Amino acid sequence: MEKQWDAIIIGGGIIGLACAYYLTDAGQSVLLLEKGDLGQGASTSCDDMIFLQSKKPGILLTIALESLEMYRRLEQDLPASIEFESRGGMVLIESESQMGHMQDFVRQQKALNLDVELLTKEQARKMAPLVSKHVLGSTYSPMDSQVNPLQVMRGFVKAAASKGLEIRRHCGVKALDNPAPYHWKVTADDGKVYESRFVINACGAWAAQVGELTGLELPIKPKRGQILVTESVPAFGQTNFWSADYIVMKLNPDFAKERSALMNDLGIGLSMSQAQSGNYFLGGTREFAGFDKTVDRTALHLILKEAVRFFPALEKVNIIRTFSGFRPAAADGKPFIGPVASQPGMYIAAGHEGDGIALAPITGYAISRMITGQPLPYDFSELSPARLGI
Amino acid sequence: MEELFICRCEEVTRQELEQAIADGAISMNELKRWTRAGMGLCQGKTCAKQVMALLAQKTAQSPAAVKPATTRNPVRPMQISYMTKEAE
């Protein structure tokens with residue numbers, strides 16, 4: 001008889017690998033199936049930020065804060081340096097109306113224990129001497145952090161493999177059968193059948209397609225995120241940076257009127273973070289473009305114009321690479337982390353949109369606790385597929 | 001042996017590449033992502049063949065069977081001022 005695994009994880013991005021890490025750590029036998037290379041959908045084509053200031057106060061900010069603490073421990077525990085660093089973040093404010101919205105937002109976040117404050121123009125320039133003179137001020141949080149997702153995945157793979165994780169790459173799934181509760185038969189593209197008690201759909205932007213194999217309608221769509229990478233340069237300031245206009249628009253959709261239609265269609269909001277290697281990631285877009293992975297000149301030009309508006313000295317810096325990844329966007333903006341009530345043994349860990357890196361540890365940990373029947377540190381019902389009747 | 005640099009831009013040694021393969025990297029993309037070999041200014045134009053040969057050798061594949069890492073624009077480093085001008 002074929003081996004029966006405790007859990008089969010479908011999807012080898014950072015979420016699937018985090019699930020594999022915490023499940024093998026809890027003594028479970030785990031097989032992971034990935035249809036391409038590890039992380040090829042989004043986790044290797046993204047930036048490196050754990051950006052707390054963009055989170056709306058609520059469950060997402062709460063678990064993002066927890067995930068941050070988990071990364072601190074992973075830096076010690078994983079057999080690879082994950083380049084975790086709390087460099088802090090500034091949201092750059094250009095107008096009085098942005099200032100008003102950001103003041104409100106900062107007040108709400110402070111109430112949830114996020115260490116964040118507003119800086120005056122002078123204070124902001126002190127932290128970021130190269131910022132354009134038109135910037136009126138900024139927020140600042142010393143808690144915004146970053147991590148190298150590539151090294152996190154490497155660490156998860158190595159640590160989980162030492163505890164029995166098996167990985168099949170270039171191995172998609174074409175059928176999922178459930179002959180009895182907690183008995184799953186997973187048929188791979190090559191016709192091989194693997195059996196397990198639990199299946200975890202960690203397929204990111206492809207989660208809906210895999211969900212369809214058991215008749216689920218998961219409202220998760222790919223949102224393309226385009227990013228440019230600069231050559232390695234000295235820092236433009238002490239922290240990483242974001243523009244306030246995109247954040248304000250997310251909080252208050254009326255604000256979209258102050259931006260061009262093209263900027264809104266492409267979902268452009270400047271983010272600028274520097275990897276430990278010295279390269280800056282300049283992002284990004286959030287656009288519905290199906291599974292088209294091309295980068296588009298119009299979008300790249302607009303991102304660069306934003307970047308140069310805030311940091312004129314960037315003009316002389318070279319771009320060495322551009323790429324895009326598919327952020328798995330859930331219909332209501334929140335990831336699915338939990339069981340499918342009508343299909344015993346089926347779990348979803350997908351739909352994190354731009355927060356996959358930030359939320360990977362807490363997602364993997366929560367899924368592992370759910371599957372092994374252990375208590376959870378937070379109430380995850382708001383993220384359960386059941387919230388949308390799934 | 002550990003002082004032998006394979007990727008000159010990112011200063012990645014042969015030993016680091018071998019360690020990544022031992023850790024489970026099986027493709028050029030994974031090897032690049034785990035070590036930074038090919039992530040620098042030249043984007044692997046200088047070292048890709050050496051890295052491919054090493055990967056082929058260590059994973060007992062024929063060099064022809066090793067797929068190159070994904071390439072992306074721009075082909076050469078391009079100053080941002082040119083790219084913003086082009087938009088106008």
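**A note on helix packing and ring pairs**

1. In this predicted model, H1(A) and H2(A) lie roughly perpendicular to each other, because angles of 65 to 115 degrees are counted that way. The angle at which they pack is about 70°, and their axes are 14 Å apart. To find them in the structure, look for residues 14-25 of chain A for helix H1 and residues 59-77 of chain A for helix H2. The crossing of H1(A) past H2(A) is left-handed.

2. Which residues bring these helices into contact? From H1(A) come A:Ile14, A:Tyr21 and A:Tyr22, and they meet A:Met70, A:Tyr71, A:Leu74 and A:Asp77 of H2(A). Sorted by class, the contact has six nonpolar residues, one charged residue and no polar ones.

3. Now for the aromatic rings. Over all chains, the structure holds 12 aromatic pairs. One of them joins A:Tyr21 and A:Tyr22 in an edge-to-face arrangement, with 4.8 Å from centre to centre and 85° between the planes. Are A:Tyr21 and A:Tyr22 buried or exposed? Both are buried. Ring pairs also link A:Tyr21 and A:Tyr22 with A:Phe156 and A:Tyr365 into a cluster.

Key:
Residues are numbered from 1 along each chain as its sequence is written. Chains are lettered from A and ligands numbered from 1 in the order in which they are written. This is a predicted model: local features need pLDDT of at least 70, side-chain atom pairs count only at pLDDT 80 or more; totals for chains, interfaces and linings use all residues. Side-chain values use heavy atoms; hydrogens and water are left out. Axes are lines fitted to C-alpha atoms, for helices over the stretch in contact, and angles run from 0 to 180 degrees between N-to-C directions. Helices (H or I, at least four residues) and strands (E, at least two) are DSSP runs, numbered from the N terminus. Angles under 35 degrees count as roughly parallel, over 145 as roughly antiparallel, 65 to 115 as roughly perpendicular and the rest as oblique. A crossing is left-handed if the near helix is turned anticlockwise from the far one by less than a right angle, and right-handed if clockwise. Contact means heavy atoms within 4.5 Å. Ala, Val, Leu, Ile, Met, Phe, Trp, Tyr, Cys and Pro count as nonpolar, Asp, Glu, Lys and Arg as charged, and the others, Gly among them, as polar. Rings of Phe, Tyr and Trp (its six-membered ring) pair if their centres lie within 6.5 Å; planes under 30 degrees apart count as stacked, over 60 as edge-to-face and the rest as tilted. Buried means under 20% relative accessible area, exposed over 50%, partly exposed in between (1.4 Å probe, protein chains only).
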